[in-house]
Amino acid sequence: MSAQARPILEPTAFVDIAGWNGADHHAALATFRRSCAEIEDTGHAFARKVVFGGTRRDWLAICERLKSAEDPRAFFEAAFTPLIVRDPARPDGLFTGYYEPEAEGSLKPGGGYKVPLYAKPADLVAFDAKTARRLGLAYGRVVDGKAQAYFTRREIEDGALEGRGLELVWLKDWADAFFIQVQGSGRVRLPDGRVIRLAYAGKTGQPYTGIGGVLVERGILTRDDMSMQAIRAWMHKNPRDGRALMWENKSFVFFREVTVDDPALGPPGAQKVALTPLHSLAIDRSLWMFGTPIWLDTEAPKGKSGTLVPFRSLMVAQDTGTAIKGHARGDVFWGAGEEAALTAGHMKSPGRMIVLLPKPLAKRLLKRQ
């Protein structure tokens, strides 16, 4: 049977999952509890079609069972069926990392603080399905009754949103603002020492272009040398060309200020729950439901040397991203700080993904293959 013809989901047993017995099931359960709270409260992700997502009823039954769970490992083994994910388009899988950047900022412009981060504008709207198909854009604005694309990154940075009072904070460096947008969240340290947390609020819908790929295409960096740190180093040495490079990515992200009760946790992800370092995973939301526990078996770079070490962790799907597309595709949330930035910036590893699905849902999906 060809790789293309193989089923996407292949049953396995917990006893056959390498590293399962030594996993931090307690941390994974705490992460899953936050997902369950959102599923029970609103379950907003169930409003859209998710290929392997099941119904809200499937997950509510699991969340009800969670309330009496005492042994984390026993809970996962009793409630879920583990299924190896076969990706027909990318058989080896692809797993990257992201983190919560930190930058210097001010609530007022001036004194070197010249780069604004914006709140979501009122005229940014989601198009209906017919308009989205016609324009090839999910979001945009309506001018004189006509739907059209929203402003590009360059247009916004050249002042298209000035005078609307949308500025949340001002940074010193264009690159800081750009990478906070790429990561989808950030911490901004104010001159008085206070830190404000920003979370994703929306995007323009303009096409996303990875600027690292642009540098490779131009022969400036090689794929082996590619990392967030390498991109930033080049931009620092070439500030004018760096601005032009950022404009190649027309997509632009807007933010909202959030309060996170536990400073050890990250900002809210797309599921609208606080992310847990090393246990929250961004996935393709068209395939997997938010709240899905996922066993990840891959490698991650360690420290400044970038030496690859095994990374095996029980994670929970709580976020998504423009570049996260595919069955065995994930983005690990590493937290905040220099170590998290180094790991996330260099991580690009093959690996294996095993989804844990509610037993009734797994049974239905396997019967359908």
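Visitor: Where is the place of D144?
Guide: D144 sits in the loop between β7 (139-143) and β8 (146-148); helices (H or I, at least four residues) and strands (E, at least two) are DSSP runs, numbered from the N terminus. This is a predicted model, in which local features need pLDDT of at least 70, side-chain atom pairs count only at pLDDT 80 or more, and totals for chains, interfaces and linings use all residues. Residues are numbered from 1 along each chain as its sequence is written, and side-chain values use heavy atoms, with hydrogens and water left out.

Visitor: Is D144 buried or exposed?
Guide: D144 is exposed, as its relative accessible area is 77%. Buried means under 20% relative accessible area, exposed over 50%, and partly exposed in between (1.4 Å probe, protein chains only). D144 also has a positive phi of about 50°, although it is not a glycine.

Visitor: And what is the phi of K272?
Guide: K272, not a glycine either, has a positive phi of about 75°. K272 lies in the loop between β12 (253-258) and β13 (280-282), and counts as exposed at 56% relative accessibility.

Visitor: Changing topic, how many disulfides does the count come to?
Guide: The count comes to one disulfide, a disulfide being a pair of cysteine sulfur atoms within 2.5 Å. C36 is joined to C63, with an S to S distance of 2.1 Å. The pair links distant parts of the chain, 27 residues apart: C36 belongs to helix α1 (residues 25-41) and C63 to helix α2 (residues 56-66).

Visitor: Is that disulfide left-handed or right-handed, and why?
Guide: It is left-handed, because the torsion about the S-S bond of C36 and C63 is about -90°. C36 counts as buried at 2% relative accessibility, and C63 is buried with a relative accessible area of 2%.

Visitor: Which residues of α2 are buried?
Guide: They are D58, W59, I62, C63 and L66. Seen down the axis of α2, these buried residues fall within an arc of 130°, so they line one face of the helix. The arc is that of the directions from the helix axis to the C-beta atoms. As background, an α-helix has 3.6 residues a turn, so residues three or four places apart point the same way.

Visitor: What covers the buried residues of α2?
Guide: The cover includes α1, α3 (72-79), β2 (80-85), β14, β18 (351-358) and α11 (359-368). Contact here means heavy atoms within 4.5 Å.

Visitor: What lies in the loop between α2 and α3?
Guide: D71 lies in that loop, and is partly exposed at 45% relative accessibility. The side chain of D71 reaches the backbone nitrogen of A74 at 3.2 Å.

Visitor: On to the largest nonpolar core, which residues touch the most other members?
Guide: F32, F75 and F76 do, out of the 87 residues in that core. Helix α6 (residues 174-183) gives the most to this core, with six residues. A nonpolar core is a set of buried Ala, Val, Leu, Ile, Met, Phe, Trp, Tyr and Cys residues joined through side-chain atoms within 4.5 Å.

Visitor: What does F75 touch?
Guide: Leaving out residues up to four places away in sequence, F75 touches L29, F32, I62, R65, L66, A69 and F80. A second, separate core has ten residues, including A119, L124, F151 and F254.

Notes
Polar contact = N/O pair within 3.5 Å; in protein donor to acceptor, adjacent residues only side chain to side chain.
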